[in-house]
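I opened the model and kept notes as I went. Here are the entries in the order I made them.

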Amino acid sequence: MIALLRYQAALLLGSHRWLPPILLYAGFLVVGIGTGSPVLDAFAFAAAALLPLTVWLTRVCVTNEPPAARSCAAAAVGPVRAHLAAVLTAALAALPPALAGTAFVALFSDRRSNDHQVTVALLPATACGLAAAVVCLLLGTAVGAVCNRPVLHGTALPVCAGLLGCVLLVVPALSPASAVVRGLVAGSMSGTAEMPWLPLAAAIPISAAVVAAVCHLAARRG
Amino acid sequence: MRLDGVGRRYGLRGPWVVRGVDLDLPERTLVRIEGANGSGKSTLLRLCAGIDRPTTGRIRGRPRTAYVPERFPPALPFTALGYLTHLGRVHGLRGPAADRAAGVWLERFGAAGHAGTPLSELSKGTSQKVAVAQALLAAPELLVLDEAWTGLDAAARAELDRAVAERVADGGTVLFVDHDPRRLAGAADACHRVVDGRLCPAPPPDPAAHTPAAGPRVTVRAAPPGSGAELPEELPGRPVTEREPDGTARLTVPAAYSDALLRALLTARPPWHIHTVTAPVAQRPPDGPAGGDAMPGTGEPDDGAMARGAGPATADHSAPAGPASPAATGPAPAGPASPAVTDPALAEGDHR
């Protein structure tokens, strides 16, 4: 698995296709947060901005190999593990920007509540921000995996489905991503940071199950 | 490995591409799959390589597998050596071993000069060499070749023939499809034909028959270590063996197996002594002029090269004329021999 991850990571780095999603994420942070916005609001925004980043990176990773090269790797390790390596590489590649985004917010935002009345302790707030980032990273990767090969083939359909998936993750109250973002926004109103344990506990098994199902489908549908 | 009632279709209601396939792939076998275009050969090979799961049926006892696709589009951001090193690790080699194996296999296929070239700048033939090398890197137990010879130059095709023989001699299984019926002719242990997605046996050419279908063959004369010692068990290429009165053995194998046979004889315990290695003409009838057998291969460089060259080069026009005038084969090869000796693929028989 380590060898596969190294191969996929080298493929991702060498293809330079990671650049547009990362630039988009950086642009989101700079334009949407800037300096001096309330810290918990900024963490909520940074976490939500991770969704399109991870969906896009997952698409890049699972479509990076030409079919012939994919067949060669799949013969060596089996199609399930080959696909899993691509999805895991995407999740791992989203980790550095997620950490950088969290650090950016922690360093440059205003450590007070929305109405500038209550001071927010930075350390618990950053922990909440990191947890929210992890939830969004996991769910974004799962949505990216569902919206691409082997479930949806081609370009138009996966891209549209990915966009729709991002929206569906943020809007309804049921999704763990939505729950963490709303939790941070609500915390920003009152100036209290609450650790999003429940969404975190939900996001891990959901994304693991979704990715496992998609990887098993890779063996059936290629 | 065994396939039991394997079927495959794409989509929930798609037509069956492959259906009801029972196939036994034991160790030490070279299996040829043939069939018309679109008959389901490639799908069957992908199932055997483990890239696709069967829709019905099951595959048991999968060994370490490697696959060579028919076309290898080089749209990867690696150099040839970099890609092979990565794939070597994916196949389970350790870092330095993968690096070494990548270099060795590029060298064997005559692509060592392209080791540092980005894959996107390689010619079609050279990228096919990379595709073949990635499969052979880690000595797979099951090698699946989907028209892997397409696009390779003559020297690389011959090298791939020998690499395949090596895999089989080492106890592996090789499954291949090639549009050229003379590919590894006479070396295949089993031959199957795919007709409308179903597999039926096609008889392999009799290895003892000196027909064009049997392919070019090499005869090795070897003396036993002691007087009258038995030949080692399971010699590569299942040689046709004759013992001379003094105990010397004459072993005839498909040309691709010659290196593997020599290796087996020389590394046997105790080792055998090699007298001569000769490449008789494949098209000659068994009772025709057998001069090639008596002549030491080292003394007649042109003979070996001519004999190899006569196989593919004159197969088409000499087939009808061959039986009518066996004596004419003596002087006739002088023509094809002169261009043939310049071919690097054909000269290798003489270096032994």
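**Entry 1: one residue in chain A.** In which helix of chain A is the place of A:Thr54? I found A:Thr54 in helix α3, residues 39-63 of chain A. Helices here are DSSP runs of H or I with at least four residues, strands are E runs of at least two, and both are numbered from the N terminus. Before going on I noted the ground rules: this is a predicted model, where local features need pLDDT of at least 70, side-chain atom pairs count only at pLDDT 80 or more, and totals for chains, interfaces and linings use all residues. Residues are numbered from 1 along each chain as its sequence is written, chains are lettered from A and ligands numbered from 1 in the order in which they are written, and side-chain values use heavy atoms, with hydrogens and water left out.

Is A:Thr54 buried or exposed? A:Thr54 counts as buried because its relative accessibility is 0%. The cut-offs are under 20% relative accessible area for buried, over 50% for exposed and partly exposed in between (1.4 Å probe, protein chains only). I then listed its contacts (heavy atoms within 4.5 Å). Leaving aside neighbours within four places in sequence, A:Thr54 touches A:Ala94, A:Cys136, A:Leu137, A:Gly140 and A:Thr141.

**Entry 2: the record for chain A.** I looked up "transmembrane region" in the unreviewed UniProt entry, which lists residues 18-36, 42-62, 83-108, 120-143, 155-177 and 197-219 of chain A. UniProt positions are in the numbering used here, feature names are shortened, and annotations may be inferred rather than shown by experiment. I checked two of these spans in the model. Residues 18-36 are 74% helix and 0% strand, with end C-alpha atoms 29 Å apart. Residues 197-219 are 100% helix and 0% strand, and their end C-alpha atoms lie 34 Å apart.

**Entry 3: chain A against chain B.** I counted 25 residues of chain A in contact with 27 residues of chain B. The two chains bury about 2,100 Å² between them, 66% of it on carbon and sulfur atoms. Buried area is the accessible area (1.4 Å probe) lost on putting two parts together, summed over both. I found 4 residue pairs in polar contact across this interface, both residues at pLDDT 80 or more. A polar contact is a pair of N or O atoms within 3.5 Å; within protein, one must be able to donate a hydrogen and the other to accept it, and residues adjacent in sequence count only if both atoms are side-chain atoms. On the chain A side, α1 (2-15), α4 (67-77), α5 (79-108) and α9 (197-221) each supply at least two residues.

**Entry 4: salt bridges.** How many salt bridges lie between chain A and chain B? The count is 0. Over all chains it comes to 22. The rule asks for a side-chain nitrogen of Lys or Arg within 4 Å of a carboxyl oxygen of Asp or Glu.

A:Asp110 is buried at 15%, while A:Arg112 is partly exposed at 34%.

In chain B, B:Asp24 pairs with B:Arg2 at 3.8 Å. B:Asp24 lies in strand β2 (residues 16-24) and B:Arg2 in strand β1 (residues 2-9), so the pair ties together parts 22 residues apart in sequence.

I also noted B:Arg183 with B:Asp161, N to O 3.8 Å. Both B:Arg183 and B:Asp161 are buried.
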